[in-house]
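This report covers the surroundings of a ligand and a sheet with the helices packed against it.

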Amino acid sequence: MSKNPIILGIETSCDETAVSIIQDHESGIPKILSNIVSSQVDIHKEFGGVVPELAARSHVEKINLIAKKTLDESNMRLENISAVAATAGPGLMICLSVGLNFGKALASSLNVPFIGVNHLEGHALSPKLHTNINYPYLLLLISGGHSQFLSVNGLGKYKRLGTTIDDALGEAFDKTAKLLGIEFPGGPKLEKFAERGDSNKFDLPKPIISKGGCNLSFAGLKTAILRITKNIKTEQEKYDLAASFQKTIEEILSIKSKIAFDEFLKINSVKKKSFVVAGGVAANNGIRKKLIQTSNNNNFEVIFPNPKLCGDNAAMIAMVGMEMFKLKKFNNLDFPVTPRLPLDKNAAFLKGAGIKL
Ligand SMILES: Nc1ncnc2c1ncn2[C@@H]1O[C@H](COP(=O)(O)OP(=O)(O)OP(=O)(O)O)[C@@H](O)[C@H]1O
Ligand SMILES: [Mg+2]
């Protein structure tokens, strides 16, 4: 058996069946030996969103095969695995159960530790698969279900600084794309639309931009877009609206990031100021460019996961598993599936809190 731990990670929280094997390395950056993501986009496309029963059935059908392929690709044997890490939440209950139970069974049969992972912590640690980053760091998590600024103080130690009070950013991208007639999942395609349009054509609102600290809000933006799309007649106008939406999002994130920088520095004294932007929406090139500029102007080093590691994948789950393994933080086989699992358990639930800000 290799002296460097090898972790097998499993992710089935939503509509991706993913398995990865990573190995610890002296550099502090683990090697990704294999990382397979099987997307279910084709299954859910005709419904315009993820259908939980279909997603779970597909996970059941594929998980064995994906795990076998991952093992083959890594050139490892099951006996080489040091621990199994699987997403326990948040996500769809019946989807999470497939990966979590598969992981427990595998760990038990191999007689190695089992580790239950918070999917969001996977996103938070995803750039550690290619960059050394020290705690604490500021995180902007922008994904399909979450939009939050957090101070990442250590493994499992999160202080939320701001959150969306309504829609998540990925949701705002997907809903706007749907209104523009772009098929599901629209986020990445909307960015392509935006490249062909004039971003100054439509003046869109920036909800709660001058109140609520670094909390975020995107629902008003969606309502404005709904109103505009009713009068849109040409393809070019669609591109212009997409470009205006993209620019508005970039500006909102830039302004709110500056507030988050200050809030982060109020509670942390750090030599190096690191800003991680992770989650599916972190793959957006326009957002990347804008936040690089904002970070440079404020002496923060911005770090994005590699584009392939922004969306859901199991390498990020194995990454959390690796850190937990080194701290000997293992879980029992009765570790529960938890559909709602915030990173900062002490933070108040703020959805719908608009008027109180
Ligand atoms: N280039 C892009 N521009 C904008 N949005 C994008 C881009 N690429 C992906 N997205 C969006 O990212 C989201 C998916 O991200 P992710 O897989 O992290 O979300 P999730 O796992 O469904 O949610 P969560 O991680 O909060 O549970 C989708 O809403 C998708 O449209
Ligand atoms: Mg995700």
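α4 (119-125), α5 (169-179) and α6 (187-194) each supply at least two residues of the shell around ligand 1; helices (H or I, at least four residues) and strands (E, at least two) are DSSP runs, numbered from the N terminus. The model is predicted: local features need pLDDT of at least 70, side-chain atom pairs count only at pLDDT 80 or more, and totals for chains, interfaces and linings use all residues. Residues are numbered from 1 along each chain as its sequence is written, while chains are lettered from A and ligands numbered from 1 in the order in which they are written.

Gly144, Gly145, Gly170, Gly187 and Gly280 come nearest among the 22 residues around ligand 1 (near: C-beta atom, placed from the backbone, within 6 Å). The shell holds 7 nonpolar, 12 polar and 3 charged residues, with Gly counted as polar. Ligand 1 lies between domain 1 (6-128 + 309-326) and domain 2 (134-304), because both give residues to its shell; the bounds come from an automatic or database domain assignment.

An open sheet of 5 strands has the order β3-β2-β1-β4-β5, with mixed pairing (at least two DSSP bridges between two strands). β3 (31-39) and β5 (114-118) are the edge strands, each pairing on one side only. β1 (residues 6-11) and β4 (residues 83-89) pair in the parallel sense over 4 bridges.

Angles run from 0 to 180 degrees between N-to-C directions of axes fitted to C-alpha atoms, for helices over the stretch in contact.

| Helix | Strands | Angle |
|---|---|---|
| α2 (residues 52-74) | lies across β2 (16-23) and β3 | about 25° to β2 |
| α10 (residues 315-326) | touches β1, β2, β3, β4 and β5 | about 135° with β1 |

Technical notes
Two residues are in contact if their C-beta atoms, placed from the backbone, lie within 7 Å.
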